[in-house]
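Biologist: Take me through reading this model, one feature at a time. Where do we begin?

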Amino acid sequence: MSDTRTPELTGGALKRQLGRALRRQKLRALMLIAPLLIFIFVGFLMPIVSMLMRSVENNIVVETLPQTIAALDSWDVDSTELPPEPVFRALVADLQVAIENRTALNLARRMNFEAAGWTTMMRRAQREMPDWDLETDGPFRERVLDLHRDWGALETWRSLKAYSSPYTTGYYLAAVDLTMVSGHVEAVPDNQALHLMLFWRTAWMSGLICFMTLILGYPVAFLLANIKERHANLLLILVLLPFWTSLLVRTSSWKVLLQDQGVVNQFLVWIGLVADDNRLTMINNKFGVIVAMTQILLPFMILPLYSVMKTIPPSYVRAAKSLGANDWTAFWRVYFPQSVPGIGAGAILVFIMAVGYYITPELVGGPSGMFISNRIAHQWYVSGNWGLVGALGTILLLAVLVLYWVYDRVVGIDNVKLG
């Protein structure tokens with residue numbers, strides 16, 4: 001029997017079969033990478049989104065004091081008079097509900113991040129306000145003022161109104177040492193300003209650590225790339241050896257070496273360079289952080305440099321010398337430019353890692369060697385100020401992204417190579 005199918009129908013069926021085959025291939029490829037995509041989404045993107053949300057959300061004030069916030073809407077923050085009686089009546093009504101629902105101290109905790117004294121105010125309200133009758137008692141203004149003197153302070157009401165929105169920039173203001181407790185954005189007192197100094201200290205110390213690793217790592221990488229392979233393998237093992245040792249152990253060992261009665265001071269006293277009663281202070285300060293982090297991050301500079309230097313043909317330098325260049329000229333004008341991609345890769349890797357380092361500054365830095373990461377950890381574990389943690393983390397993330405963008409514009413990220 002002859003085939004009565006037309007060429008058009010046969011061609012259409014082939015296209016459909018090919019389309020189904022391609023869709024199956026794409027589906028299989030998607031299923032293969034699905035675990036990685038899920039891991040990136042759950043372990044990377046979701047925490048960043050959560051951090052961004054925490055840095056601006058401020059629902060607790062308006063949810064705890066809805067009537068008070070509504071009554072405060074007509075009160076001018078620049079007024080020299082306290083809010084009128086309806087505001088105090090609304091405050092009593094809101095706090096009675098909050099006390100019953102056990103959310104009053106949550107409000108106090110939130111406002112304590114901006115101004116001190118709210119916990120005491122709430123505890124006294126918890127003792128007295130449940131017995132007040134909104135129908136028969138009143139007026140409430142004087143009774144509230146008698147509970148705690150801070151209810152009679154204009155700053156209390158100004159800060160309450162300033163932070164009453166469901167979303168706030170207050171955490172970002174606090175992250176750059178600003179506040180709006182007065183109803184207007186202004187700088188915090190000098191004795192409370194901390195974050196800008198920590199950001200600056202983190203930046204310049206990370207830059208110095210990056211520079212130190214480059215100065216120490218470049219000769220090592222050059223030696224690795226230009227000696228015999230059997231010797232290079234042994235030296236490479238020594239470079240990689242720190243990766244097989246716990247970071248905590250390596251950091252703690254620097255405390256043993258650099259403390260007042262440590263190995264370094266003992267040696268300096270023994271050879272007579274330092275008096276026994278005038279030992280060097282090398283720990284719990286910036287010096288200890290720089291020394292320890294330079295040693296810890298040094299392999300991250302050496303490895304990118306080595307992988308790039310290994311690809312540079314030695315014949316280029318020999319050709320330069322054969323044309324009359326001395327050793328320095330051949331190195332500086334021929335060899336060094338070809339190693340710049342390795343410098344770029346190592347520098348951006350070390351700097352970004354140093355900016356976010358926590359353990360080493362915590363153990364050997366002390367108050368003068370603290371990084372912004374240590375402040376973030378303190379706000380998370382001790383103060384529980386997750387909004388400020390989110391704001392500080394977001395600013396740090398944006399700073400790194402800006403650094404990456406500037407680096408790309410100046411050097412070109414395409415020129416950064418890991419070998």
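This is a predicted model: local features need pLDDT of at least 70, side-chain atom pairs count only at pLDDT 80 or more; totals for chains, interfaces and linings use all residues.

Biologist: Which residues of α8 are buried?

Modeller: Judge burial by relative accessible area: under 20% is buried, over 50% exposed, and in between partly exposed (1.4 Å probe, protein chains only). In α8, Leu 154, Thr 156, Trp 157, Arg 158, Ser 159 and Leu 160 are buried.

Biologist: What covers the buried residues of α8?

Modeller: Look for contacts, meaning heavy atoms within 4.5 Å. The cover of α8 includes α2, α3, α4, α5 and α6.

Biologist: Turn to α4. How many residues has helix α4, and how far does it reach?

Modeller: Compare the span with expectation, which is 1.5 Å times one less than the number of residues. Helix α4 runs over residues 85-101, 17 residues in total. From first C-alpha to last, α4 reaches 25 Å, close to the 24 Å expected.

Biologist: Which residues are buried in α4?

Modeller: Val 87, Phe 88, Ala 90, Leu 91, Val 92, Ala 93, Asp 94, Leu 95, Gln 96, Ala 98 and Ile 99. Those residues pack against α2 (59-64), α3 (66-72), α5 (104-112), α6 (118-128), α7 (141-147) and α8 (154-162). After α4 comes Arg 102, with a positive phi near 60°.

Biologist: Where do Asp 177 and Asn 284 lie?

Modeller: Both sit in loops. Asp 177 falls between α9 (170-175) and β1 (178-179). Its phi is near 65°, positive in a residue other than glycine. Asn 284 falls between α13 (263-270) and α14 (286-309). Asn 284 is not a glycine either, yet its phi is positive, about 60°.

Biologist: Is Asp 177 buried or exposed?

Modeller: Its relative accessible area is 8%, so Asp 177 is buried. Asn 284 has 39%, so Asn 284 counts as partly exposed.

Biologist: Which residues is His 195 in contact with, leaving aside neighbours within four places in sequence?

Modeller: Ala 174, Ala 175, Asp 177, Ile 372, Arg 375, Leu 388 and Leu 392. His 195 lies in helix α10. At 5% relative accessibility, His 195 is buried. From its C-alpha to that of Ile 209, 14 residues apart along the chain, the separation is 21 Å.

Biologist: At what angle do the axes of α10 and α11 cross?

Modeller: Axes are lines fitted to C-alpha atoms, for helices over the stretch in contact, and angles run from 0 to 180 degrees between N-to-C directions. Helix α10 (residues 195-226) and helix α11 (residues 229-240) cross at roughly 145°, their axes coming within 8 Å. Val 220, Leu 223 and Leu 224 in α10 meet Ala 232, Leu 235, Leu 236 and Val 239 in α11. For classes, Ala, Val, Leu, Ile, Met, Phe, Trp, Tyr, Cys and Pro are nonpolar, Asp, Glu, Lys and Arg charged, and the others, Gly among them, polar. This contact has seven nonpolar, no polar and no charged residues.

Biologist: How do α15 and α16 pack?

Modeller: Helix α15 (residues 314-322) and α16 pack at about 145°, axes 9 Å apart. Tyr 316, Val 317, Ala 320 and Lys 321 in α15 meet Asp 327, Ala 330, Val 334, Tyr 335 and Gln 338 in α16. By class the contact divides into six nonpolar, one polar and two charged.

Biologist: How many aromatic pairs are there in the whole structure?

Modeller: Rings of Phe, Tyr and Trp (its six-membered ring) pair if their centres lie within 6.5 Å; planes under 30 degrees apart are stacked, over 60 edge-to-face, the rest tilted. A search of the whole structure gives 16 pairs. Trp 328 and Trp 332 have ring centres 5.6 Å apart and planes at 10°, so they are stacked. Both lie in helix α16 (residues 327-355), four residues apart, about one turn. Trp 328 is exposed at 56%, and Trp 332 partly exposed at 43%. Trp 380 and Trp 386 are stacked too, with centres 5.3 Å apart and planes at 25°. Trp 380 is partly exposed at 37%, as is Trp 386 at 38%.

Biologist: Which residues do ring pairs link into a cluster?

Modeller: Tyr 218, Phe 222, Trp 328, Phe 331, Trp 332, Tyr 335 and Phe 336.

Note on methods: Residues are numbered from 1 along each chain as its sequence is written. Side-chain values use heavy atoms; hydrogens and water are left out. Helices (H or I, at least four residues) and strands (E, at least two) are DSSP runs, numbered from the N terminus.
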